[in-house]
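These are my notebook entries on one protein chain. I record what I looked up, with the cut-offs beside each term.

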Amino acid sequence: MRNLLENYTDEELFRRFKCGDMDAFEQIYSRYSLYLTREAAKRLKSYFQASDVVQDIFITLIRKSQHIEINVSLKAYLFRMVHYKVINLKRDMPMHNRCH
């Protein structure tokens with residue numbers, strides 16, 4: 001089933017995911033997790049923190065999928081989620097950790 005989903009658009013995948021199709025979620029994850037982790041790592045200077053950020057983003061996506069309405073591309077939506085998560089993480093980070 002997963003191979004068939006590779007040809008689906010992001011919108012189709014997200015619609016299927018919202019209806020409970022976890023194969024669609026896995027396709028979204030495999031399509032974007034590496035890209036999002038790289039973007040977060042550029043800003044955080046830590047691959048490990050970036051991985052945590054991306055995991056949190058996808059957990060949030062699972063928990064709130066029924067209430068999420070995406071008015072932009074899924075890629076842009078996920079990138080924006082990472083952007084705000086990184087900002088919040090940096091804001092909440094103790095000053096002595098920001099230099100590393």
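Which residues does Ile28 touch, not counting residues up to four places away in sequence? I list Leu13, Phe14, Phe17, Phe58, Leu74 and Leu78, where contact means heavy atoms within 4.5 Å.

Entry 1, basis. I am working on a predicted model, in which local features need pLDDT of at least 70, side-chain atom pairs count only at pLDDT 80 or more, and totals for chains, interfaces and linings use all residues. Residues are numbered from 1 along each chain as its sequence is written, and side-chain values use heavy atoms, with hydrogens and water left out.

I find 5 helices and 0 strands in the protein chain; helices (H or I, at least four residues) and strands (E, at least two) are DSSP runs, numbered from the N terminus. The C-alpha atoms fill a box of roughly 45 × 25 × 20 Å along the principal axes. Of the 100 residues, 36% are buried, that is, under 20% relative accessible area, with exposed over 50% and partly exposed in between (1.4 Å probe, protein chains only).

I note Asp10, Leu13, Phe14, Phe17 and Lys18 as buried in α2. They lie on the same side of α2 because they cover an arc of only 135° around the axis, the arc being that of the directions from the helix axis to the C-beta atoms. Just after α2, Gly20 has a positive phi of about 100°.

At the N-terminal end, Asp21 caps α3, with a side-chain oxygen 2.9 Å from the backbone nitrogen of Asp23.

I place Lys45 in the loop between α3 and α4. Its phi is near 60°, a positive value in a residue other than glycine. Most residues other than glycine have a negative phi. Lys45 is exposed, with a relative accessible area of 65%.

How values were computed
A polar contact is a pair of N or O atoms within 3.5 Å; within protein, one must be able to donate a hydrogen and the other to accept it, and residues adjacent in sequence count only if both atoms are side-chain atoms.
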